[in-house]
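Visitor: Hi, I'm new to this one and would like a walk through it. Could you bring it up for me?
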Amino acid sequence: MTEKTTGASYAAAGVDIEAGDRAVELMKEWVKKTQRPEVLGGLGGFAGLFDASALKRYERPLLASATDGVGTKVDIARQLGVYDTIGHDLVAMVMDDIVVCGAEPLFMTDYICVGKVHPERVAAIVKGIAEGCVLAGCALVGGETAEHPGLLGPDDFDVAGAGTGVVEYDRLLGQDRIRTGDAVIAMASSGLHSNGYSLVRHVLFDRAGMSLEQEIEELGRTLGEELLEPTKIYSLDCLALTRTAEVHAFSHITGGGLAANLARVIPDHLHATVDRSTWAPGAIFDLVGKAGQVEQLELEKTLNMGVGMMAVVPAESVDVALTALADRGVDSWVAGEIVERGEHTEGSTLTGSYAS
């Protein structure tokens with residue numbers, strides 16, 4: 001008698017379509033909260049629709065686009081079982097890149113890759129993305145959840161996103177506007193944000209043997225709570241600043257650190273000097289440096305050192321700019337200035353020592 005065999009199936013291969021459908025149902029309420037009047041249709045279509053006729057009010061609209069992820073910070077979320085904040089990080093990494101040129105964030109799409117679909121977990125991730133989109137003023141018009149059994153473990157996941165914004169051509173910010181004597185305004189970060197986590201994890205866990213549940217006196221909370229602190233989203237603050245004061249450029253301080261990111265918006269003939277003594281980095285930066293005996297320059301080219309966004313403004317606009325940011329609850333200060341570039345200087349340098 002021949003033994004009957006069972007045919008292969010998608011479910012047997014590890015992909016649960018029903019779980020994916022349930023995840024979509026759970027996330028719908030959160031996506032709905034991000035809708036702008038230009039968005040057509042709902043979640044579940046093959047493409048998100050955005051009514052471009054809204055751009056007719058622009059004389060010469062420029063579309064700005066960016067894409068990013070949150071790196072190995074996702075592993076902190078996985079270990080802690082906290083999934084509803086990592087989406088804030090994703091939106092910040094994408095939309096705060098877009099606002100640097102002065103563009104208004106319009107819409108975003110996300111990509112969530114998991115080893116196994118846990119509907120509530122996926123919905124929590126999307127909840128964080130949706131809440132981030134609200135903070136950035138953009139719509140979440142669609143996304144993709146992919147299940148990769150055998151490639152990722154059952155609890156492993158990663159997130160990525162892409163966004164689009166718009167700016168009027170004659171209001172485009174950047175190198176061409178910057179002049180000698182401009183002031184560099186720093187905006188405080190909420191912590192590590194979403195860069196340098198490979199170094200941070202190596203130092204704190206592999207070398208120092210710390211745990212996420214460990215209470216750290218200097219931090220005033222557990223290490224896990226500090227490392228999972230969501231990235232601050234500056235998009236609406238930056239846009240409000242451009243409406244209140246003259247702004248020549250923004251710089252989003254992400255991978256590569258403060259000096260390298262600021263240098264990206266400085267023209268070749270000019271130089272930005274930033275005075276470390278104007279602020280004191282948060283305790284987490286000192287903890288990483290001491291635990292791993294990481295040299296200061298290595299820290300500065302990897303981490304944001306307490307500054308998440310910088311604005312370059314004319315000297316006469318400083319007071320108005322600082323007041324506008326303070327009114328929005330943004331901790332900011334004058335950290336440097338723009339000078340003529342010397343023979344042996346690069347686009348940006350840090351001087352002095354950090355305040356204690």
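Visitor: Which residues lie nearest the centre of the second largest pocket?
Guide: Gly102, Val167, Arg171, Leu239 and Thr242 do, out of 17 lining residues; a pocket is an open set of points on a 1 Å grid over the protein atoms alone, where a 1.4 Å probe fits, with protein on both sides within 12 Å along at least five of seven lines, and lining residues have an atom within 4 Å of a point. This is a predicted model, in which local features need pLDDT of at least 70 and side-chain atom pairs count only at pLDDT 80 or more, while totals for chains, interfaces and linings use all residues. Residues are numbered from 1 along each chain as its sequence is written, and side-chain values use heavy atoms, without hydrogens and water.
Visitor: Which elements give two or more residues to that lining?
Guide: Those are β6 and α7 (235-244), where helices (H or I, at least four residues) and strands (E, at least two) are DSSP runs numbered from the N terminus.
Visitor: And what order do the strands take in the open sheet with β6?
Guide: The order of its 4 strands is β3-β6-β4-β5, with mixed pairing; two strands pair if DSSP finds at least two bridges between them. β3 (61-69) and β5 (139-147) each have a single partner strand, so one side of each lacks a neighbour in the sheet.
Visitor: How many bridges join β4 and β6?
Guide: Strand β4 (residues 104-114) and strand β6 (residues 157-168) pair over 10 bridges in the antiparallel sense, and Ile112 stands opposite Val159 in β6.
Visitor: Changing topic, how many helices and strands are in the protein chain?
Guide: The chain has 11 helices and 14 strands.
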